[in-house]
Amino acid sequence: MEQQTIAEVNDKKLCTACGSAAIYTGSFVEFLCPNCNGDLIRRCEKCKNLSNNYKCKKCGFEGP
Ligand SMILES: [Zn+2]
Ligand SMILES: [Zn+2]
């Protein structure tokens, strides 16, 4: 049952750009890093509207 705690942490969909829990902020987009295809990038609606930069955790690619 203790494994549930880990699952909950992993389930939190954090915005890659601002780090807030994107799942609570309404609509958000998910896509694979256009550079390495190895990391899932997430952007909340706010960051999408502001065109905030995200940074891939795997290859360090930054993009709007
Ligand atoms: Zn955000
Ligand atoms: Zn990448």
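Trainee: Among contacts between residues at least 6 apart in sequence, what share joins residues at least 24 apart?
Mentor: In this chain, 36% of those contacts do. Two residues are in contact if their C-beta atoms, placed from the backbone, lie within 7 Å.

Trainee: Okay. What kind of model is it, and how is it numbered?
Mentor: It's a predicted model, where local features need pLDDT of at least 70, side-chain atom pairs count only at pLDDT 80 or more, and totals for chains, interfaces and linings use all residues. Residues are numbered from 1 along each chain as its sequence is written, and chains are lettered from A and ligands numbered from 1 in the order in which they are written.

Trainee: What does the chain average in pLDDT?
Mentor: The average is 80, and 75% of the residues score at least 70. pLDDT is the predictor's confidence in each residue, from 0 to 100.

Trainee: Which element has the lowest mean?
Mentor: Helix H1, residues 3–11, with a mean pLDDT of 49. E3 has the highest, at 94. Where pLDDT is low, the predicted coordinates should not be read in detail.

Trainee: How many helices and strands are there?
Mentor: Two helices and four strands. Along the sequence they follow the pattern α-β-β-α-β-β. Helices (H or I, at least four residues) and strands (E, at least two) are DSSP runs, numbered from the N terminus.

Trainee: New topic. How much of the chain counts as buried?
Mentor: 17% of the 64 residues. A residue is buried if 20 or more other C-beta atoms lie within 10 Å of its own, exposed if 12 or fewer, and partly exposed in between; C-beta atoms are placed from the backbone.

Trainee: Which residues make up the largest nonpolar core?
Mentor: There are six: Cys15, Ala17, Phe28, Cys44, Cys47 and Tyr54. A nonpolar core is a set of buried Ala, Val, Leu, Ile, Met, Phe, Trp, Tyr and Cys residues joined through C-beta atoms within 7 Å. In soluble globular proteins, nonpolar side chains tend to be buried together.

Trainee: Take Ala17. Why does alanine 17 count as buried?
Mentor: Because alanine 17 has 22 other C-beta atoms within 10 Å. Alanine 17 lies in the loop between H1 and E1.

Trainee: What does alanine 17 touch?
Mentor: Leaving out residues up to four places away in sequence, alanine 17 touches Arg43, Cys47, Asn52, Asn53 and Tyr54. Alanine 17 and lysine 48 are 31 residues apart in sequence, but 9.2 Å apart in space, C-alpha to C-alpha.

Trainee: And tyrosine 54, what does that touch?
Mentor: With residues up to four places away again left out, tyrosine 54 touches Thr16, Ala17, Ile41, Arg43, Glu62 and Gly63.

Trainee: Where is lysine 13?
Mentor: In the loop between H1 and E1. Lysine 13 is partly exposed, with 17 other C-beta atoms within 10 Å.

Trainee: Switching to backbone angles. What is the phi of asparagine 37?
Mentor: About 60°, so positive, although asparagine 37 is not a glycine. Asparagine 37 sits in the loop between strand E1 (28–32) and strand E2 (40–44). Asparagine 37 counts as exposed, because 12 C-beta neighbours lie inside 10 Å.

Trainee: What about the phi of serine 51?
Mentor: Phi of serine 51 is near 55°, another positive value in a residue other than glycine. Serine 51 is in the loop between helix H2 (45–50) and strand E3 (54–55). With 10 C-beta neighbours inside 10 Å, serine 51 is exposed.

Trainee: Which residues does glycine 38 contact?
Mentor: Setting aside neighbours within four places in sequence, Cys33, Lys58 and Cys59. Glycine 38 and lysine 58 are 20 residues apart in sequence and 6.9 Å apart in space, C-alpha to C-alpha.

Trainee: Last one. Where is phenylalanine 61?
Mentor: In the loop between E3 and strand E4 (62–63). Phenylalanine 61 is partly exposed, with 16 C-beta neighbours inside 10 Å.
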